[in-house]
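Here are some notes to read alongside the model. Have a look at it first, then go through the points.

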Amino acid sequence: MKLSALIFTGVFLFTLGIIISDINNSKYSELKNEYVIILGAGLRGTQPKNILKYRLDAAIKYHQKYPNTIFIVSGGQGKDEIIAESEAMKKYLLKHSISSKNIIEENKSSTTLENLLFSKKLIPQNSTSIGVISNDFHMYRVKFFAKNIDFKLNPIYANTPNRSKVSMFLRETLAVIYHKVKMTISKWSFILL
């Protein structure tokens, strides 16, 4: 029992270190993109939660530098949500002077992987520069999924609200471990069949 706890703690701390290292090594390498996917992150009523506001504010800031960018707001309607996340995201961007011609809605996804898969279908195949906006704690997993579906994306890091940092980083570390284990099991199952 103690050995299992020790191994899990080691894996947890190692994974957390990888996530933090990714942020420190990549956060400031922002590129110009034709399309930028903004990943959904939950609503409170019809308004974006703080985590999502940080992503949308990063998009607004990005738009000021690159006004011709087309944003894909990606997120479906959760069981506890009144409207689709994409609809709330679009309204937020419109309120902050981003034209509707610069916004495409993807309103079917319910996971990070689906955000990427469904958004990818909305982007012309000849597009060479595609970005993705998410909070810093989440970007390592976004890049992990993108690599596994052969989707080349340029990361644009949004910050994380200070009061949410500890819980988000802990939760995300567990999510990364879960998806890496799941992916490894799937690969081995395929090889053994």
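1. How much space lies in the largest pocket? About 870 Å³. This is a predicted model, where local features need pLDDT of at least 70 and side-chain atom pairs pLDDT 80 or more, while totals for chains, interfaces and linings use all residues. Residues are numbered from 1 along each chain as its sequence is written, and side-chain values use heavy atoms, without hydrogens and water.

2. A pocket here is an open set of points on a 1 Å grid over the protein atoms alone, where a 1.4 Å probe fits, with protein on both sides within 12 Å along at least five of seven lines; lining residues have an atom within 4 Å of a point. Volume is the space filled by probe spheres set on the points.

3. The largest pocket has 41 lining residues, with Gly40, Ser110, Thr112, Arg141 and Arg171 nearest its centre. H6 gives the largest share, 8 residues.

4. On to the second largest pocket, at about 330 Å³. Its lining has 15 residues, and Glu30, Ala58, Lys61, Tyr157 and Ala158 sit closest to the centre. Here H2 gives the most, 6 residues. Helices are DSSP runs (H or I) of at least four residues, numbered from the N terminus.

5. Now take aspartate 136, which is in helix H5 (residues 136-148). Leaving aside neighbours within four places in sequence, aspartate 136 is in contact (heavy atoms within 4.5 Å) with residues including Lys27, Tyr157 and Ala158.

Technical notes:
Helix = DSSP H or I, 4+ residues; strand = E, 2+ residues; numbered from the N terminus.
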